[in-house]
Each structure stands twice: as structure tokens, then as C-alpha cells.
Amino acid sequence: MGQIRDLFIPRRPPAAKYDQIRLDRTKIHEGHLILVNRQHPVKQSGTGPNLLPVSAVQAVQLPGAEISLEKTCLERLGALLHACRARDRIVIVSGYRSKKEQEELYETSLQENGAVFTASYVARPGESEHQTGLAVDVGENAGDVDFICPSFPDYGVCQTFKQLAAEYGFIQRYKADKEHITHIACEPWHFRYVGYPHSAIIEQRGFSLEEYTEFLKQYTFDRGHLFMETDRSLIEIYYVPAEQGTTAVPVNPAARNNLSGNNQNGFVVTAFHPKGSEDRGR
Ligand SMILES: [Zn+2]
């Protein structure tokens, strides 16, 4: 993956020829960067996320669990677990939940744990990141694993997982110092896939996903883009507000472009330029 050397260098987009991809406004609810919380419920349309069973990357599962995750999220999680040499020492406790499953979990928690606990740790149906397939709860595989609050300590293989997570596109979504923003209590076990380099920027800047979503809005296509350099590529990030009907999103055809809605009001383009191409057209 390589270290980010020059982080946050806003500059004018290069004079490259941009193509346009036309996206319907409903597409703002899809992609790896969607913000899901109380104000921004899940609104994925059609068939929902592209899911794969967790058994594709990890043999160890809780008894009876049939867990699945969004395809890219699962692939990167598999690579992260491999890099940590976690094998059976970290267990995937929860992944994708349908709205119905979230409703059942919420109701069960209300009955068993009460309203205060539930409000702190269980998102209301429709407002859970788990409904996107981009959130995963992981636990230390040590005896009984709590389904809602698995143990994920700051030492050993769990600590290694935390240290490497951003490199593989994951963030710890609910941190103690962001509770006033997320309205969810600190959850050391809940990781959200947002994709690299967004995970690295969020980690380095100490953002919550709410703050990062706002931060990106200053880098509109017409103004300065966010550029950063890694060992492998030059990465360019910019934001395109969504129009009412369809939006023409400019993309550089020479780059590998990743488009995501923010589940709010626009699209984020992440363009990966092959190393060595960055001087052309500047
Ligand atoms: Zn979770």
C-alpha cells in the first residue's frame, strides 16, 4: 500500500481531458463512502449491496452464524486478517443485517438490556451501517463472544488489527471522543469499510465519518482537488454536488476512478493515477 507522503495538497485539477459519467440522484445513496446515521438512514435501492459470505475468507464463525459482507469490504477484511496473522484469533461477529434483522436485534436488546443500553449501542432499524454490508463487528476469539459488545482489546492481535485497519480501508467508526457527533457509544469492535486512502485520511486527521463527509465538500471539482502521493500512485479526490435529476460527474479516463455517493447530497470521486503519470497535463 505504501506510506502517504504528501497529504492534503489542494490544487487545481490538471488540464486533463475529463469524461463525464451521468449519475441519477438516487446513486448518492450507494458506494463505500455513504454516511449512515440517525439523520441519514440507509436508502440503497434495488437489490442492495453485492454480498459475499464471510466463509469465503474466514473458516471460523460463531455457531449458527451465516454472516455476509459487501464484496470489496470482505476482500479487504480477508487481506487485513491475513496481514495480522489473525487466523482464528479474531472472529467475525456480525456483518450485513437486513432491516428485518436489525429490527429483531433492536427489539431483543430493548427487552434484554433496556432502553439506555440499546440507545447507546444498537442503531435504530434503517439507521444501522450493518444494513450496508460495509460494517463488521470483530471480537477476540476467547471463549464466549458477546454478540452486541464483543471484546476487542488494545493489545495483541486485536491491537495489530487496529493499527493496520486504515491501510486496508477500515476505520473504527465509533470512538469515545466522537460520541457527541455519532450519538453511538465507543465501540472498539465495530469497523467500517470506507476504502483507502479515505481511511488513512480519517485516521491521520482524527475525523469521524460525519466530519470527513463535511471536510470533503470543500474540494469541489471547480475548486482545489485533494491530492496525495503514495509509493504506488498519485491519488486525487474531489466532490461533485448532486443535481436534482442526473449529475454529470467529471472523471479522468487515464485514471482508475472510484465513485461513491455520500448518502447526503453528492458524489466523491477518488482517482488513482498510475505513478509517473502525474506530471502529464499539469
Ligand atoms: Zn457493529
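Strands E7 and E8 run antiparallel and are joined by 3 bridges; helices (H or I, at least four residues) and strands (E, at least two) are DSSP runs numbered from the N terminus, and two strands pair if DSSP finds at least two bridges between them. Within this pairing, Gln172 has Phe191 of E8 as its bridge partner. The model is predicted, with local features requiring pLDDT of at least 70 and side-chain atom pairs pLDDT 80 or more, whereas totals for chains, interfaces and linings use all residues. Residues are numbered from 1 along each chain as its sequence is written, and side-chain values use heavy atoms, without hydrogens and water.

E7 and E8 belong to an open sheet of 4 strands, ordered E5-E6-E8-E7 with antiparallel pairing. E5 and E7 are the edge strands, each pairing on one side only.

The zinc ion is coordinated by His130 (NE2), Asp137 (OD), Asp137 (OD) and His190 (ND1), at 2.1 to 2.7 Å; donors are N, O and S atoms within 2.8 Å of the metal (3.2 Å for Na, K and Ca), and water is not among the atoms, so sites may look incomplete. His130 lies in the loop between helix H3 (115–121) and E6, and His190 in strand E8, so the pair ties together parts that are 60 residues apart in sequence.

In helix H4 (residues 156–165), the buried residues are Val157, Cys158, Phe161, Lys162 and Ala165. Because they cover an arc of only 145° around the axis, they lie on the same side of H4, the arc being that of the directions from the helix axis to the C-beta atoms.

Notes
Buried means under 20% relative accessible area, exposed over 50%, partly exposed in between (1.4 Å probe, protein chains only).
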